[in-house]
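Colleague: I'd like to go through this model with you, helix by helix. Could you take my questions one at a time?

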Amino acid sequence: MKRLGMLLLCVPLIAGAAERPLTLDEALATADAPNPDLAIAESDLAVSLAEREMADSRQDFNLFLDGALRTGKQPGKNWSDDNIGRIVARKPLFDFGRTAQSVAAAEQEVTARRAALLDVRAARRIDLMARFFNVLIADLQYTADNEFMTVAFLVWDNARDRFSLGQVTQPQLLELEARFQDARERRNADSQQQRATRQKLANAMGRSDLPSELEPPVLRGNDKVVPQYEAALPHILDHNPALQALTAQLNASDARIAAIRSERRPTLDAEVIGANYSRESVTRDQVSAGLLFNVPLYQGGRIDARVAREHALRDRLLAQREKLKLGLSETVLDTLHEIEWLRGSSRPAADKQIEYRDWALERSRAEYELEMKTNLGTSMAETQTALLRRKRVEYQLALALARLAALAGELPSIHPTK
């Protein structure tokens, strides 16, 4: 027993000062905290908003100063200054679709980027949930394997005493030691996994460290009713953020094509000029106003080339959307099948395993008290393994439901929704 005490003192536990356990809700609250993926999506949205402002500003009022410093010589006269200073105010009146289509394209790009941002936010929550569950699973796995290691050590330690009395052979003692070393290796690997999963969760939360304890969540939403595939797929196709983003980009491409073709049409601007000249002339007005017409007559192949390029990009977006639809149909079916399997098969099997292990533990405890058998430690370890199996099922189910919600454009949550 002295050797057992020394062994347990060397157990590499995740220890720390007493502190309040971290909850899953607290972890999910950091989903919108600064993060590279989120920053990229927000930057893309900011770019599209700026491009929309740029497109809309084409109809803005323009005011600029126009001037020239020069000298000139008229016939029979000496050289004299001929400087010009003008203030010009110009306002586009009609461009026959250029600005309207450009703004429409920019609006659709904003819609696409907002949908993409929603997709990233949902993915962030699913990632945080998965990392949180991984920590809990690592802790449970460590507890179970630590129990098995302790049992293996007790058996080996007892065999050493019996070996000294000649009741156990050398090969038998070596076999028991090998089993203990294997169990110890698994337990120590679990300890490393505890640290690794905690570090990954801390990174996702933007923290340098985490509390040593995590509070297992109450997954009330795991019994939420899910629709059948025939009802779920149309709803998801209508609300999926990635699909909405591609649809908006297709609409933006149509608007850009219309805007490019509008460049063959005339433009009409209003202009007011206030001027001052160093040389007087009857042909010069100090104040003038008028309308400026610009009618394109020939632009070469530039318009056709740009339209052809935009059509090619549009065809690519269309193919991407059709590919995504096919992928979504398979993903929805696989996710619903996973939920059905976890609820209908994995959960009942895990529950029955826990029921059996609880019964076996009580029997082992009774036999131990009667000094009939010494398998109490093994029963306790197997009970921990059954509990781990049950928790793993619930965590898988929560993640599957979260993915299904994200596919429908919802932000995943562990709480049921009406």
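What follows is our chat about the fold, the helix packing and a few individual residues.

Colleague: Before we start, what kind of model is this, and what are the ground rules?

Modeller: Residues are numbered from 1 along each chain as its sequence is written, and side-chain values use heavy atoms, with hydrogens and water left out. Local features need pLDDT of at least 70, side-chain atom pairs count only at pLDDT 80 or more, totals for chains, interfaces and linings use all residues, and the model itself is predicted.

Colleague: How many helices and strands does the protein chain have?

Modeller: Helices here are DSSP runs of H or I with at least four residues, strands are runs of E with at least two, and both are numbered from the N terminus. On that basis, the secondary structure of the protein chain comes to nine helices and six strands.

Colleague: And what share of the residues in the protein chain is buried?

Modeller: Buried means under 20% relative accessible area, exposed means over 50%, and partly exposed is in between, with a 1.4 Å probe and protein chains only. For the 418 residues in the protein chain, the buried share is 37%.

Colleague: Among contacts between residues at least 6 apart in sequence, what percentage joins residues at least 24 apart?

Modeller: A contact means heavy atoms within 4.5 Å. Among the contacts in the protein chain between residues at least 6 apart, the share joining residues at least 24 apart is 83%.

Colleague: On to packing: are helix 3 and helix 4 roughly parallel or roughly antiparallel?

Modeller: Axes are lines fitted to C-alpha atoms, for helices over the stretch in contact, and angles run from 0 to 180 degrees between N-to-C directions. Helix 3 (residues 36–56) and helix 4 (residues 98–164) have axes that come within 8 Å and cross at roughly 165°. Angles under 35 degrees count as roughly parallel, over 145 as roughly antiparallel, 65 to 115 as roughly perpendicular and the rest as oblique. Helix 3 and helix 4 are therefore roughly antiparallel.

Colleague: Which hand does the crossing of helix 3 and helix 4 have?

Modeller: A crossing is left-handed if the near helix is turned anticlockwise from the far one by less than a right angle, and right-handed if clockwise. Where helix 3 passes helix 4, the crossing is left-handed.

Colleague: How many nonpolar residues are in the contact of helix 4 with helix 7?

Modeller: The axes of helix 4 and helix 7 (residues 241–261) come within 8 Å and cross at roughly 165°. That makes these two helices roughly antiparallel, and the crossing of helix 4 and helix 7 is left-handed. The contact of helix 4 with helix 7 has seven polar and five charged residues, while its nonpolar residues number 14.

Colleague: What about helix 5: at what angle does it pack with helix 4?

Modeller: Helix 4 passes helix 5 in a left-handed crossing. The contact of helix 4 with helix 5 has 20 nonpolar, eight polar and 14 charged residues. With their axes 7 Å apart, helix 4 and helix 5 (residues 170–205) pack at an angle of about 160°.

Colleague: Which side chain makes a polar contact with the side chain of Ser102?

Modeller: Ser102 sits in helix 4 and counts as buried at 16% relative accessibility. Leaving out residues up to four places away in sequence, Ser102 touches Ala55, Arg58 and Ala259. A polar contact is a pair of N or O atoms within 3.5 Å; within protein, one must be able to donate a hydrogen and the other to accept it, and residues adjacent in sequence count only if both atoms are side-chain atoms. At 3.2 Å, the partner of the Ser102 side chain is the side chain of Arg58.

Colleague: And the side chain of Thr99, which side chain does it make a polar contact with?

Modeller: Thr99 lies in helix 4 and is buried, at 6% relative accessibility. The polar contact of its side chain, at 2.4 Å, is with the side chain of Asp95.

Colleague: Last one: what is the phi of Phe96?

Modeller: Most residues other than glycine have a negative phi, and most peptide bonds are trans. Phe96 is in the loop between strand 4 (84–94) and helix 4, and is partly exposed at 43% relative accessibility. Although Phe96 is not a glycine, its phi is positive, at about 55°.

Definitions and conventions
Ala, Val, Leu, Ile, Met, Phe, Trp, Tyr, Cys and Pro count as nonpolar, Asp, Glu, Lys and Arg as charged, and the others, Gly among them, as polar.
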